[in-house]
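I opened this entry to keep a record of what I looked up, in the order I looked.

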Amino acid sequence: MKKGMISQYKVLVKSIREYKKQTLLTPALVIIEVVIEVLIPLIMAEMINQMTGDTMKPIYYFGTVLIIMAVSSLLAGMFAGKYAATASAGFAKNLRKDIFYKIQDYSFHEIDKFSSSSLVTRLTTDVTNSQQAFQMIIRIAIRTPLMMVFAFIMAYTISWKMAMIFVVIVPALGLGLALILVKVFPIFQKIFKKYDRLNNSVQENVSGIRVVKSFVREDFENENFEKAAKDVRNDFTKAEKIIALNNPLMVFSTYLVTVLIAYFGSTMIINSQSLDLTTGELSSLVTYSVMILMSVMMFSMVFVMIAISAESVNRIAEVLETESTLDPNPNGDVTVRDGSIDFKDVSFSYSKDQSKYVLQDINLSIKSGETIGVLGVTGSAKSTLVQLIPRLYDTSCGEVLVGGKNVKDYELHSLRDAVAFVLQKNVLFSGTIAENIRWGNKDASLEEVKEAARLACADEFIDQLPKTYDSYIERGGTNVSGGQKQRLCIARALIKKPKIIIFDDSTSAIDTKTNAKITEQMAMTLPNTTKIIIAQRVASIQSADRIVIIESGRIVAFDTHENLIKTNESYQETYNSQTNTAGGDE
Amino acid sequence: MAHPVNGRGSMNRKPTFKPGTVKRFLKYITKYFKKELIIVMITIILSSVATVFSSVMIQKIIDEVINPGLANGMSSVYVILIKYITIMIVVFLIGIISTFIHPRIMAIVTQGMLCRFRVDMFEKMQKLPIKYYDTHPHGEIMSTYTNDTDALRQLIGQVIPQIFQSLITAIAVVTMMIGYSLWLSLIVFVIIISMLQIVKKIASGSATYMVKQQKSIAAEEGFVEEFINGQKVVKVFNYEPNAKKSFDEFNEQLFKDSEKANTYSNILMPIMGNVGNIMYVIVAFIGGIFIIGNVFNLSILGYSTLTIGIVVAYLTFVRSLSQTVGRISSQIGMIMMGLAGASRIFELLDETPEEDSGYVTLVNFERDLQGNIVETNIRNNQWAWKHPHSETGVIEYVELKGDIVMENVDFAYKEGEEVLHDINIYAYAGQKIALVGATGAGKTTITNLLNRFYDIPDGKIRYDGINIRKIKKPDLRKSLGIVLQDINLFTGTVIDNIRYGRLDATDSECIEAAKKANAHDFITRLPNGYETILNGNGSNLSQGQRQLLSIARAEVADTPVMILDEATSSIDTRTEALVQKGMDELMKGRTVFVIAHRLSTVRNSDAIMVMDHGRIIERGTHDQLIKQKGTYYQLYTGAFELE
């Protein structure tokens with residue numbers, strides 16, 4: 001994990017772009033702020049030294065200098081704060097944009113690899129963490145070592161002998177803080193996992209409350225939760241007690257320095273008769289010692305924050321560095337001649353490992369305009385087979401031809417425009433029904449939208465809605481039923497008027513009668529479109545021109561319903577079992 | 001009825017809290033950790049004193065060691081120097097020990113309180129009625145455990161000790177200031193008050209943009225979640241350019257708000273620090289004028305002329321006071337967030353728990369020689385209702401059979417919006433009642449009333465002849481098994497999940513139940529069989545497998561009455577057949593209410609209730625209803641699409 005950390009930061013740094021100015025100005029202004037801040041106690045000491053009470057002159061003079069310094073430091077600090085905010089917010093914006101755009105270029109392969117939920121985390125939480133770390137780096141991480149260095153220089157110029165105290169104590173303090181962190185960091189990582197599990201069990205109880213109550217398991221759950229909560233408490237207490245050692249360590253260092261300055265400082269003043277050190281300078285040394293030690297402390301905290309964000313940086317870099325395995329072939333052919341499909345010796349594996357072929361030696365020839373049913377049990381790779389047609393995945397060997405041409409020779413978007421795909425796990429997006437259907441063709445007129453809805457048998461329920469086609473679909477389509485959702489998804493695909501349309505088990509919640517009606521209407525209005533239908537129910541595909549039966553990644557039969565019922569045993573079996581339990585369907 | 005669970009539900013909650021929260025919070029914390037808090041307070045005072053003492057000692061050494069030393073030589077002051085150094089070391093040691101103690105104890109207090117809050121909230125949650133869960137987004141409830149508890153941790157662990165320490169310092173400094181000079185103090189207070197005005201302004205700007213930022217974060221995350229989850233659809237429709245365009249809009253808005261919110265919080269410290277510096281100059285300036293003008297100094301010690309010594313000492317106080325004010329003001333945001341969190345936690349703790357005035361309980365029984373029912377402590381799987389009649393003092397025992405009667409049941413979740421009208425259902429022991437109808441027809445509501453997730457007025461639902469309101473809820477629910485459409489499994493092993501149905505079930509009983517439910521085969525094929533750990537609601541299982549497990553769980557509970565909500569989701573035919581068989585097995589010999597989606601289930605029922613808009617519009621057996629040629633006939637012949 002830690003290897004190549006620097007290169008991962010380099011990947012992220014590219015996202016600063018137009019915020020370079022602010023990113024560089026922030027530390028510059030921080031430097032000004034720190035220098036002034038370090039100088040101010042010196043001027044104050046000087047003013048006090050000169051305040052004799054006879055004349056206002058030194059007060060006017062030093063007062064003016066101090067006010068100018070304070071105002072400059074104020075401005076530098078404010079602008080540093082503002083630029084830091086702009087730079088970090090801008091960095092985060094570009095980072096989110098880069099990640100999101102990158103994901104848009106991903107093929108199914110990369111989406112599967114990362115999983116949606118992990119991509120969402122990377123786009124949200126991880127970016128927020130990186131943004132905070134970025135702001136910390138350009139502001140505090142620059143400020144604290146600078147402060148330490150400047151304050152040390154001031155102490156050094158006052159008295160190099162006295163400054164030696166810091167040379168000994170600062171590394172010791174740094175080491176002590178580092179030891180605490182090294183000890184506690186792995187403990188915290190472990191605890192956070194436990195803490196996640198604790199919250200996870202709350203989540204389970206919230207969503208499963210009906211189960212808990214139905215089985216009268218309240219006391220049981222309480223007992224388990226209390227045990228887990230106490231466990232988390234004990235671990236956290238232990239870790240926080242170790243962290244709490246920071247405070248006495250810090251206080252110890254400060255007091256030690258104070259005592260040393262008080263002792264050696266006063267002897268030095270007296271013995272050198274104020275030549276090596278003056279009283280005013282003694283007070284300044286005390287002020288600088290506080291500045292130096294506080295900076296060490298702050299730096300250690302910043303270090304922890306940056307260390308925590310390292311994981312996020314890592315995960316983001318992973319996304320940004322992953323390239324799509326699918327070549328979009330921008331110079332490829334843009335017209336698809338017809339809806340004919342040919343598979344020639346096609347094998348496919350999701351991984352590079354050839355022994356794990358999920359599809360093997362597929363040879364198929366489908367004529368343009370044919371209706372093809374695909375049947376097979378879960379895991380037989382029937383979805384995989386059809387996903388090769390619009391190049392959702394590329395074959396491992398062999399080739400897939402659409403309209404007589406290898407799919408890889410088409411410009412990717414043109415190919416996908418010609419091949420409509422109704423996914424099994426389909427989603428609608430928040431927006432009106434019309435907007436959702438227009439996904440297939442954003443220039444479609446309302447008439448065309450209505451026509452697509454009619455073909456998908458969605459018009460009936462849409463017309464019953466108070467706002468018909470302007471009805472709002474909630475995020476994830478939660479306010480329509482499963483069958484309605486599937487019909488809208490079909491309408492969305494039909495409006496494309498594609499050369500090929502593929503239904504990947506996407507009519508499971510639609511009743512057989514409606515299903516048959518959709519098939520019939522499609523046959524009438526889209527006679528030249530090749531239709532491929534994957535289904536669980538024989539009833540949904542028995543009217544197809546031909547049916548592909550697939551078993552463990554191999555085609556075992558490809559024939560008409562009538563022939564299959566005579567020749568294919570497993571087809572007979574499935575057909576009989578389904579028509580018997582659901583006998584009233586016809 | 002289920003709400004999408006979204007951990008980020010709290011994003012646009014405002015940092016506000018109810019009045020009285022502070023008092024209640026302090027009460028809560030002192031209730032459990034009084035002794036600890038006293039020690040913490042004492043040690044904080046000690047360590048603050050040590051810090052203040054440090055600057056006093058430096059001043060003393062300058063006045064009493066260095067100055068006379070410069071005149072009379074080192075040897076004349078060496079003893080005093082050693083004395084002061086010794087005093088410093090002793091006081092500092094006390095300071096160091098104190099700083100060693102209080103953060104450690106605060107760690108115990110903080111984590112102890114958080115644990116207390118978590119456990120209290122969780123126990124409360126278990127007592128809340130289903131209605132609470134139906135009316136509160138789950139993300140919101142979750143966020144009480146995550147965001148609000150985290151805010152509280154900061155409040156207790158860091159903010160409170162720091163504020164206390166700052167207050168002690170502030171009080172000490174202000175007392176000293178007034179002691180030195182009243183005039184100058186007045187000036188300082190005027191400046192401090194104007195400083196606080198600036199703080200207020202920045203804080204309110206910061207709060208406004210924080211809320212805005214949270215809102216645009218929520219909006220952006222919502223968009224991202226929606227589109228990333230639908231990424232495959234985006235690809236299939238070549239929708240990438242549009243997705244990018246919409247994303248840029250959300251992203252830009254978030255950038256703007258985040259920039260402003262961060263700007264406000266970034267500029268607070270430089271402003272506070274430098275206003276402190278300016279105040280320093282002003283005091284020096286006015287001090288100078290007073291000295292030159294020979295203005296009388298008024299202090300609580302009397303009045304005299306203002307001297308340089310006084311002004312110099314005074315300036316030190318000004319500096320530390322402005323730093324203290326700066327420190328406190330930088331904590332305001334965290335205080336508000338912590339209190340808002342506490343306020344929401346209290347709100348959860350104050351929710352009204354589920355009521356239960358039932359007194360009829362479920363007991364094991366034996367029959368004596370005369371055949372009368374006698375209560376026993378032996379777990380013999382023979383159950384009876386124990387019904388004490390308060391007027392007569394007679395205890396009546398009724399054998400548990402599973403006879404359910406609903407008469408003239410009306411129900412409304414919200415007043416005035418009746419969802420059930422005049423429902424009459426008679427389910428005799430062992431009968432299978434199918435509820436059929438479209439979404440929203442009221443099928444689930446009926447099952448909600450049966451197990452008293454929601455209550456209706458007296459006497460309309462009877463279980464073995466007993467009004468279910470008289471039955472204690474836990475006992476009632478123990479007598480009802482349930483298989484829900486949305487399956488909830490818990491993190492743990494497969495066998496633990498089955499045993500959830502009956503905690504004292506042996507391993508072999510669980511396996512037996514799994515066999516009956518047709519789940520045994522797939523379980524044995526899992527990497528660790530029955531000991532396989534399920535996580536994330538069983539996300540490592542298929543939908544069908546999860547259904548089979550929930551059937552096994554109900555099977556092991558072995559209740560006389562079952563409520564089944566058949567799943568509509570698509571599973572492959574082979575698993576579906578298994579689920580079907582499992583369900584059939586589960587229904588055997590029991591009174592069953594089934595929300596049916598499958599023809600086979602409906603057809604085998606003793607009675608079918610066709611529901612529409614909260615009414616039973618047709619009832620009868622399959623054959624009767626087919627003959628009737630009504631809605632059921634249409635549904636049936638027009639194939640089945642009810643959901």
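**Ground rules.** I am reading a predicted model, in which local features need pLDDT of at least 70 and side-chain atom pairs count only at pLDDT 80 or more, while totals for chains, interfaces and linings use all residues. Residues are numbered from 1 along each chain as its sequence is written, and chains are lettered from A and ligands numbered from 1 in the order in which they are written.

**Chain A.** I looked up the secondary structure and found 22 helices and 12 strands; these are DSSP runs, helices being H or I of at least four residues and strands E of at least two, numbered from the N terminus. Chain A has a radius of gyration of 36 Å against the 25 Å that the globule rule gives for 586 residues, so it is more spread out than a compact globule. The radius is taken over C-alpha atoms, and the rule is 2.2 Å times the number of residues to the power 0.38. Along the principal axes, the C-alpha atoms fill a box of roughly 115 × 60 × 55 Å. I noted 47% of the 586 residues as buried, where buried means 20 or more other C-beta atoms within 10 Å of the residue's own, with C-beta atoms placed from the backbone.

**Chain B.** Here I recorded 18 helices and 18 strands. The radius of gyration is 36 Å, whereas a compact globule of 643 residues would have one near 26 Å. The box for the C-alpha atoms is roughly 120 × 75 × 55 Å along the principal axes, and 44% of the residues in chain B are buried.

**Between the chains.** I counted a contact where C-beta atoms, placed from the backbone, lie within 7 Å. On that basis 116 residues of chain B touch 130 residues of chain A. Which helix gives the most to the chain B side? It is α7 (residues 240-292) of chain B, with 25 residues.

**Cores.** A nonpolar core is a set of buried Ala, Val, Leu, Ile, Met, Phe, Trp, Tyr and Cys residues joined through C-beta atoms within 7 Å. The largest has 215 residues, and A:A151 is among those with the most contacts inside it. Helix α3 (residues 57-105) of chain A gives this core the most, 21 residues. Apart from it I found another core of 119 residues, including A:V184 and B:L489.

**Strand β16 of chain B.** Are the residues of this strand, 591-595, buried or exposed? Five of the five are buried, so the strand is largely enclosed by the rest of the structure. B:T591, B:F593 and B:I595 cover one side, and B:V592 and B:V594 the other. I then looked for partners, taking strands as paired if DSSP finds at least two bridges between them. Strand β9 (residues 432-437) of chain B runs parallel to β16(B) with four bridges, and B:A434 stands opposite B:V594. Strand β15 (residues 561-565) of chain B is also parallel to β16(B), over five bridges, with B:M562 facing B:V592 as bridge partner.

**Helix α9 of chain B.** In this helix, residues 443-450, seven of the eight residues are buried, including B:K443 and B:N448. After α9(B) comes B:R452, with a positive phi near 60°.

Methods
A residue is buried if 20 or more other C-beta atoms lie within 10 Å of its own, exposed if 12 or fewer, and partly exposed in between; C-beta atoms are placed from the backbone. Two residues are in contact if their C-beta atoms, placed from the backbone, lie within 7 Å.
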